[in-house]
Amino acid sequence: MASQEVYYIPDGSKWPIIATLSLFTSFIGGAVWLNGGDVGKIILFIGLAAVIYMFYGWFRDVITESIAGKYSKQVDVSFRMGMGWFILSEVMFFAAFFGALYYAREFSLPWLSGEGQGGHNGTHEFLWPAFQAAWPMNVIPDPSKYTQYTSVIPAFGVPALNTALLLSSGVTVTLAHWALQKNNRKQLCLWLVTTVLLGFIFVGFQAYEYIHAHQALDLTMNGGIYGSTFYMLTGFHGFHVTMGAIMLAVILYRSIKGHFSKKDHFAFEAVAWYWHFVDVVWLGLFIFVYWI
Amino acid sequence: MGTIAKDTHHDHEHKPTGLKRWFFSTNHKDIGTLYLIFALTMFFVGGAMAMVIRAELFQPGLQFVDPQFYNSMVTIHALVMIFGAVMPAGVGLANWMIPLMIGAPDMALPRMNNMSFWILPFAFALLLSTIFMQGGGPAGGWTMYPPLVLQTGDAFPFLIFAVHLLGISSIMGAINIIATVFNMRAPEMSLMQMPLFVWTWVITSFLLIASIPVLAGAVTMLLTDKYFATSFFSAAGGGDPVLFQHIFWFFGHPEVYILALPAFGIVSSIIPTFSRKPLFGYASMVYATASIAILSFFVWAHHMFTVGLPIKGELFFMYATMLIAVPTGVKVFNWMATMWKGSMTFETPMLFAVGFVILFTIGGFSGLMLGITPVDFQYHDTYFVVAHFHYVLLTGAVFALMAAVYYWLPKWTGHMYDERLGKIHFWLSTITANILFFPQHFLGLAGMPRRIPDYNIQFADFNMMSSIGGFAYGVTQLLFVYIVIKCALGGKKAKAVSWEGAKGLEWTVPSPAPFHTFETPPKIKKGMLENG
């Protein structure tokens, strides 16, 4: 550990430009695919493979440097700030979708039912005079364009179970952290295994819920504003949980290999922060998407 | 500690060469240079599109391009200028100057810094390639309002993904700046001793982190509306096209200050130097900047007064908008008070800075006019709006960026630029920019709509005047390139303190600044900083 008397500056690295190129390739592939070109799929998968390779390589280099003792306390603080502000940016990304949900429920649906504008709402009067807002069982204003769903996922079924799973995983990851701070490696690994399992079980239930919604309830992204907000919010959240669970699995692997010390384990903490963030977003989802 | 000292030493001896130096760079000065060169290139790419627009508007009727292509020029000109020219120029300056100003050896996260830059050329490759695609480039305006933007052809996903990439770059850049300022600052420098340029960039970074992800969310919803049958912005499914405008402008208004705040910081550095007086009201400048930033999240709907908002909404957003005039006024008065009774000289950076204060204020006043709801009903979507935001962004942000380049060129290159040519550049720019944009106020007040390639014959004279100003302004900027290249190649040797009244840590290192600076934190002596 160095004091602030001498600064640490990392050597040049090939990973940032590889990261850029792999993101660029993925996006080109995605765009070509969306435009109906099948070759886009191949380009996208090459790009995503490169993204995975980049993450592996970049983090491998950082871990090697960290183990070699190159990083000072100051570098550690920079990493902490970086992760913290990255999570805030993620919060704001979800805020856009929550904003869409609140707007739809508070403004666009009531207006489509004729509220506002002094009782003379043109969209309601001239386009869909029969439309009346309801939530979550909304009739679609123009059923020729979107598919009417028959039912929605009730809050106190799988979602409540998932809430319990995710909240418990927040507890187990903290227990793992305490074990690490007490240098109890066995307990650390045990609680991490539990956390990773809880994470993947959550994802499994979510996948089951999606299949059920598609097959039994006709609830798809095509299901008007309810289907749109439901899948956008739970989809991006599920993606983040998957990422978080993979990150936790990496931390577990590193713990088994004997990485991290009592005091020096920022990677563990960063992933734990991320996991708690995913947890909090889920609470928002459970309350506003499933429950009320 | 031994290893670290050796490592730093090692770096010092071997400055990387060739392609590796630029592609693998972890050096804030090299990355800053890359940003600045990229921004200047994009300034000319976007400028060329502006020339197409002004050529088409030179006379009434359709002369050179078809309306679809005209609209794609309007759209891409805006995206290129905002995300390719002004923002990267600001980040480039931040890269070069923030570590020098706060006595840090580099940015806090140098590798991420490299990635932030290199994303930009690739993002613009995606965006600019759309011009050659089936259905042409995006032509629904840079604001990408649905349902119009959903009619874009093959260009559509490229537009969306380009915006995503630009967002990733901006967020990483912002995180880096915050970590640098709060973690790498010389231990002896307190927050309230930081140069205002550093303060404005910290606050801008907060704006970026809070607003750019919202834009990413908005364009993601556009993408799913078009390809995956969601109905966020479709009333037929229970959504609302106006919802997009709310989300977009929740990003869009802070974005305006992302472009403007670094300009405020630049001017606040330059005016004290050439007035040979400390900045008047330093603390009030910091608080005013923060107030503007916070207020910018509560004024977004003033861009949407005519879409049919409830009357309470119109009133709230009108009054909130008016409030921003208070901290902005604090800033303008502080700059004037700094100059008051100073022993002023007018080298090129100062000329651009004073030009900024005057011309930006014109843009600010027309902004106030637009912020008044009933008045905006008349002005909305007219050339008055175009005139307003070009005063704010061109004679505002771009003038400040030009001032910054002239101010710090000696530090970067080790040479003084050609002062006579610099002054010619300033006067030609100022005169031509006003010929270009001032008549547009009259056009807008008389009712000429924006984003239309043809116009009524009554608007012919002012449009011709505006176009002549536009071409002249464009040509004038070639002079700027010549001055910069000439300065990079040679010229009078610059002293470490390149300007007589200049204060701050960046002037304590030699000119040109060596590849590595402040490998150990500097000691701050009395009188070394602008304040304290």
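Domain bounds, as I use them here, come from an automatic or database domain assignment. On that basis chain A is divided into domain 1 (1-71) and domain 2 (73-93 + 147-291). I looked up the C-alpha centres of domain 1 and domain 2 of chain A and found them 23 Å apart.

Conventions. This is a predicted model, in which local features need pLDDT of at least 70 and side-chain atom pairs count only at pLDDT 80 or more, while totals for chains, interfaces and linings use all residues. Residues are numbered from 1 along each chain as its sequence is written, and chains are lettered from A and ligands numbered from 1 in the order in which they are written.

Chain B, overall. I took helices (H or I, at least four residues) and strands (E, at least two) as DSSP runs, numbered from the N terminus. Chain B has 15 helices and zero strands. Its radius of gyration is 23 Å, close to the 24 Å that the globule rule gives for 532 residues, so chain B is as compact as a globular protein of that length. The radius is taken over C-alpha atoms, and the rule is 2.2 Å times the number of residues to the power 0.38. The C-alpha trace of chain B spans about 65 × 50 × 45 Å along its principal axes.

Burial. I call a residue buried if 20 or more other C-beta atoms lie within 10 Å of its own, exposed if 12 or fewer, and partly exposed in between, with C-beta atoms placed from the backbone. In chain B, 59% of the 532 residues count as buried.

Contacts between chains. Two residues are in contact if their C-beta atoms, placed from the backbone, lie within 7 Å. I find 63 residues of chain A in contact with 65 residues of chain B. On the chain A side, α1 (15-34), α3 (73-112) and α7 (224-256) are the elements that give two or more residues. α3(A) gives the most, with 22 residues. That side of chain A divides into 36 nonpolar, 20 polar and seven charged residues. Here Ala, Val, Leu, Ile, Met, Phe, Trp, Tyr, Cys and Pro count as nonpolar, Asp, Glu, Lys and Arg as charged, and the others, Gly among them, as polar.

Core. A nonpolar core is a set of buried Ala, Val, Leu, Ile, Met, Phe, Trp, Tyr and Cys residues joined through C-beta atoms within 7 Å. Of the 241 residues in the largest one, B:L165, B:A218, B:V267 and B:A403 touch the most other members. Helix α13 (residues 383-413) of chain B gives the most to this core, with 23 residues. The core also draws at least three residues from each of domain 1 and domain 2 of chain A.

Backbone. Most residues other than glycine have a negative phi, and most peptide bonds are trans. I noted the exceptions below.

- The peptide bond from A:W135 to A:P136 is cis, with omega near 0 degrees; A:P136 is in the loop between α4 (122-127) and α5 (158-181) of chain A.
- B:P146 and B:P147 are joined by a cis peptide bond, omega about 0 degrees, and B:P147 lies in the loop between α5 (110-129) and α6 (155-184) of chain B.
- B:M144, not a glycine, has a positive phi near 55 degrees and is in the loop between α5 and α6 of chain B. B:M144 is buried, with 23 other C-beta atoms within 10 Å.
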